[in-house]
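Hi,

Here is the structure I promised to pass on.

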Amino acid sequence: MARKAQAGAVPAPAAPLANAAELPEGSGRFPVLSPLRFDGRLYRPDDPEANEVVMPRDQAQALRVIDVLGDELPA
């Protein structure tokens with residue numbers, strides 16, 4: 001069973017990826033243009049620690065169409 005976060009607890013920031021070789025196969029890195037909850041984390045364009053998301057390109061394509069994500073960032 002999942003534990004509940006204590007009141008006032010701040011989630012740990014995601015560890016930055018060192019290089020493109022660490023990206024999962026078929027995934028890309030995308031800038032967040034609108035708030036997005038993905039893999040249990042909230043990504044927002046105004047949050048410097050969560051303004052990019054790594055996700056499968058096929059999932060990202062649908063979000064790019066509706067302007068939630070921008071174009072894939074270079075490796």
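Arg64 is partly exposed at 27% relative accessibility, where partly exposed covers the range between buried (under 20% relative accessible area) and exposed (over 50%), using a 1.4 Å probe and protein chains only. Its side chain meets that of Asp71 in a salt bridge, 2.5 Å from N to O; the term stands for a side-chain nitrogen of Lys or Arg within 4 Å of a carboxyl oxygen of Asp or Glu. Asp71 itself is exposed, with a relative accessible area of 54%.

Before you go further: this is a predicted model, so local features need pLDDT of at least 70 and side-chain atom pairs count only at pLDDT 80 or more, while totals for chains, interfaces and linings use all residues. Residues are numbered from 1 along each chain as its sequence is written, and side-chain values use heavy atoms, leaving out hydrogens and water.

Back to the charges. The whole structure has 4 salt bridges. Another of them joins Glu72 and Arg57 at 3.0 Å, N to O. Glu72 lies in the segment after helix H1 (57–65) and Arg57 in helix H1, so this pair ties together parts that are 15 residues apart in sequence. Both ends are partly exposed: Glu72 at 35% and Arg57 at 39%. Then there is Asp46 with Arg44, also 3.0 Å from N to O; Asp46 is exposed at 57%, and Arg44 is partly exposed at 34%.

As for the overall layout, the protein chain has 1 helix and 4 strands, in the order β-β-β-β-α from the N terminus. Helices (H or I, at least four residues) and strands (E, at least two) are DSSP runs, numbered from the N terminus. Of the 75 residues, 21% are buried.

Tyr43 is worth a look. This residue sits in strand E3 (residues 41–43) and is buried, with a relative accessible area of 10%. Not counting residues up to four places away in sequence, Tyr43 touches Val32, Ser34, Pro35, Leu36, Phe38, Ala50, Glu52 and Val53, contact meaning heavy atoms within 4.5 Å. Tyr43 and Val53 are 10 residues apart in sequence and 7.2 Å apart in space, C-alpha to C-alpha. Arg41 lies over the face of Tyr43, 5.4 Å from the ring centre; that calls for NZ of Lys or CZ of Arg within 6 Å of the ring centre and within 35 degrees of the ring normal.

Leu42, also in strand E3, is partly exposed at 34%.

Cheers
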